[in-house]
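Let's take a look at one protein chain together.

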Amino acid sequence: PPRRTMEEPLLAPAPAPCPLSARRRLAVLAGHLGAADPLAEKDHKQRCERAAGSVFPDPYARSTPKGKIVVYGPPTSRVTKVLWAAAECGVHVEHVSAKLKVLKQQRWFYALNPKLTVPVMRDGPLVLNESNTIVAYLFQRYGPSTPSPSPSSSLAKSDAASVALAWQWLEYGESTVAAAQTPVWYGRTRNIRYSRRTSPADEDEIRHYVPKARQAWKAFDEHLARDDDRKYVLGKDFSMADITLAVQANRLRKCQGFGFAELELEANFPHVAGWLERIAQRPAFKSCVAPYGM
């Protein structure tokens, strides 16, 4: 079966009152049951009606503001990278920053995204709900706000090779770096046992992921070290390939390696540290990513 991906999992098991039953939720995630299915809609409606908590209408149900996109979700790592990508492309954003547990209580949010995850982006009639997909869409649809003759920066639709290389590093940032680093981050900063989303954290589980995180960053550091002229992931120019990795590197730096000497950024991954320093000078990064990460 296809691998299930979750954008920003819950910190505790099923705290929201209105998700679908386990069997029906799995069917939705597997793609066998759409949001328009009457049984799923009825189930969701009943749970929401029984729910206690904040219920509010979608402020952009009728239309997206002209010249803007709408992004739903609190400023988590995956939401902030979407906001950052939009800023790099010069796209104005209306941000519905409600917490995920509140969004899960809204029928309209379930209709937008049956996976009940964030981020969700609306651009006119188009709705997307995977962070890397949204980043790629923004770069390819709107392009960087500062034009560049480099294919790696513009990532023109016709340049299949550059797009594929960028996607390779977007995926590496999420499926390799974040997959190894996130359990350590949850354990050290949230006192959460990541595998069960329960508290307290499990020290053995944290230490299990530390070598994996180190290896993930070491591989990226070696990639950056191969070419003295390589300032960014794909070469001399900033591109969407830098987005996911930079958000995770910002988290690693702010948390000072999560207390592990082998994960200290400057000491172990000097090329990553230099690359992140260049990224950190970008105005869009300063406003959208730098304030977060802990």
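## A glutamine and a helix pair

Gln 181 lies in helix H8 (residues 160-190); helices here are DSSP runs of H or I with at least four residues, strands are E runs of at least two, and both are numbered from the N terminus. This is a predicted model, where local features need pLDDT of at least 70, side-chain atom pairs count only at pLDDT 80 or more, and totals for chains, interfaces and linings use all residues. Residues are numbered from 1 along each chain as its sequence is written, and side-chain values use heavy atoms, with hydrogens and water left out.

Is Gln 181 buried or exposed? Gln 181 has 1% relative accessibility, so it counts as buried (under 20% relative accessible area, with a 1.4 Å probe and protein chains only). Leaving aside neighbours within four places in sequence, Gln 181 is in contact (heavy atoms within 4.5 Å) with residues including Gln 248 and Arg 251.

Those two residues also turn up on the H10 side of the contact between H3 and H10. Here are the two partners:

| Helix | Residues | Among its contact residues |
|---|---|---|
| H3 | 77-88 | Ser 77, Thr 80, Trp 84 |
| H10 | 243-254 | Ile 243, Gln 248, Arg 251 |

The axes of H3 and H10, which are lines fitted to C-alpha atoms over the stretch in contact, come within 10 Å and cross at roughly 125 degrees, on a scale from 0 to 180 degrees between N-to-C directions.

Zooming out, the chain has 13 helices and four strands, and 50% of its 294 residues count as buried.
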